[in-house]
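Morning, everyone. Please take a look at the model on the screen, and I'll walk you through it.

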Amino acid sequence: MIDKIELFENTKISKAVWNLALPTILSMVVIIIYNIADTYFIGQTNNTSMVAAISLSMPLFLLFNAIGNLFGTGGSTTISRNLGEKREARAKKVSSFSYWCSLLSGIIFGAAILLLRNNIVSLLGANGDTKEFVFQYISILALGAPLIILSFASGIILRSEGASKQSMIGSIIGTITNIILDPILILHFNLGVEGAAIATVVGNAFSTIYYTQYIIRKSSYLSIKFSDFSGKDKILINVVSIGLAGSIADAMMSFVNILYNNFLSSYGTAAIAAAGISLKGSFILAMIIIGLATGAQPLIGYNFGSKNTKRLKDSINYTLKMGIIIGTLISIILIIFARPFVSSFIDDSEVIRIGTSMLRILNSSGCILIFNFIPMIALQAFGKVKASLFLSIARQGIIFVPTAIIANNLFKLNGLMWSQPIADFATFIIGSILLYSELNKIIKEEKDREIIA
């Protein structure tokens with residue numbers, strides 16, 4: 001752990017951020033490939049209804065992420081802060097608590113989906129030909145919910161002690177498994193959406209196995225032992241309160257996705273399929289930015305815990321600057337190559353036309369997307385749960401929902417496409433104000449403490 005403490009405390013900020021963020025970004029790239037693979041191979045069937053079904057089922061996957069984020073991000077941030085405070089024994093208790101709660105939540109959530117799947121299919125906006133495909137897809141995902149949620153949470157928890165490389169390896173293992181199985185199950189055995197779902201579950205199972213054996217055999221400050229499991233000493237409160245903001249953000253994304261798909265259903269199956277493909281494109285940008293932000297999270301949490309305000313501020317500012325540069329470059333590429341990207345998934349002129357326009361619009365806010373995540377992550381590390389929670393709700397709820405409803409009513413499909421970039425720019429303003437007002441307050445308090453001392 002000595003080298004990781006050195007990384008958190010003394011390594012040059014740019015080097016420390018990239019040392020932590022690069023493996024995390026690569027992990028996110030792997031997740032992107034993972035996410036795109038199902039849609040791509042389903043698209044090779046040229047069955048628009050199947051492609052639409054994958055898109056309609058996305059809110060369920062986002063809910064899995066929400067639960068994984070609750071215990072993954074909440075646990076990771078709490079562990080990082082404890083390591084910064086030299087409370088290693090408590091860090092082990094937090095990791096064990098987060099691990100087993102993730103698994104139990106997956107079991108409960110998966111069972112609930114199986115019991116309510118008929119209602120869920122309708123809620124997701126499926127109708128006509130897409131109904132049966134959505135039913136098949138979510139039924140298999142529900143069975144694999146414990147492994148999917150645990151895989152997501154465990155990958156985040158590993159980063160708390162600086163094991164970003166191992167987190168990336170776990171993601172790569174799952175993705176390679178998924179990519180190998182997709183063409184075999186979807187195309188060779190003609191299993192369609194069921195094959196895509198099976199490949200996803202098996203891929204996550206392999207990732208979970210890798211993360212679990214790493215924690216048991218190689219981790220110095222993480223544990224999954226039952227003897228370390230505890231929600232006492234405010235562990236439950238800390239993990240849940242810190243993870244709640246990110247979890248609600250994912251849950252809100254799920255809700256927004258359902259709302260979005262229900263709006264799109266009035267424009268036909270082609271519009272839903274186009275949205276599914278174009279959202280994969282915008283997902284590339286979002287996941288890379290999230291990878292950068294999440295990679296910097298342990299550094300931010302550690303330096304807040306150790307009261308190193310200069311290093312804390314420098315870490316935040318450097319990550320934001322890199323996020324702006326990366327976001328701008330990727331947005332330009334996606335906007336220029338929008339049509340070839342969409343057409344590579346499916347040979348349908350209407351889907352390509354709508355998807356190309358949608359992908360360009362969705363990426364118009366890419367330059368400031370980093371401000372949708374770093375302020376929330378920093379506020380979580382500062383223990384400002386209410387502010388972080390408000391920010392997570394603001395983007396996808398307070399701002400996006402009314403914007404989408406009004407834009408859809410006034411400007412139809414084109415207005416609906418622009419609702420997300422509008423929400424992103426509004427969140428950029430709100431997030432900047434909340435982040436820097438709180439950061440300046442922390443710096444002032446620390447200066448006052450040094451003067452008194």
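Start with Asn-190: its relative accessibility is 66%, so it counts as exposed. The cut-offs are these: buried is under 20% relative accessible area, exposed is over 50%, and partly exposed is in between, with a 1.4 Å probe and protein chains only.

Some ground rules. This is a predicted model, where local features need pLDDT of at least 70, side-chain atom pairs count only at pLDDT 80 or more, and totals for chains, interfaces and linings use all residues. Residues are numbered from 1 along each chain as its sequence is written, and side-chain values use heavy atoms, leaving out hydrogens and water.

Where does Asn-190 lie? In the loop between helix 7 and helix 8. Helices here are DSSP runs of H or I with at least four residues, strands are E runs of at least two, and both are numbered from the N terminus. Now the backbone. Most residues other than glycine have a negative phi. Asn-190 has a positive phi, near 55 degrees.

Lys-86 also has a positive phi, about 65 degrees, and is not a glycine. Find Lys-86 in the loop between helix 3 (48-84) and helix 4 (88-123). Lys-86 is partly exposed, because its relative accessible area is 45%.

Next, the surface. Which residues make the nonpolar patch of about 510 Å²? They are Ile-176, Ile-180, Ile-184, Phe-189, Leu-191 and Ile-198. Patch residues have over 30% relative accessible area and no salt bridge; like charges are joined within 9 Å, and nonpolar side chains (Val, Leu, Ile, Met, Phe, Trp, Tyr) within 5 Å. A salt bridge puts a side-chain nitrogen of Lys or Arg within 4 Å of a carboxyl oxygen of Asp or Glu.

Helix 7, residues 164-188, gives the most to this patch: three residues. Ile-198 sits in helix 8, residues 192-217. With a relative accessible area of 32%, Ile-198 is partly exposed.

Now zoom out. The protein chain has 15 helices and zero strands. Its C-alpha atoms fill a box of roughly 70 × 45 × 35 Å along the principal axes. Of its 453 residues, 61% count as buried.

Last, contacts, meaning heavy atoms within 4.5 Å. Take those in the protein chain with a separation of 6 or more: residues 24 or more positions apart account for 84% of them.

Methods. Areas by Shrake-Rupley, 256 points an atom, 1.4 Å probe, with all protein chains shown as cover.
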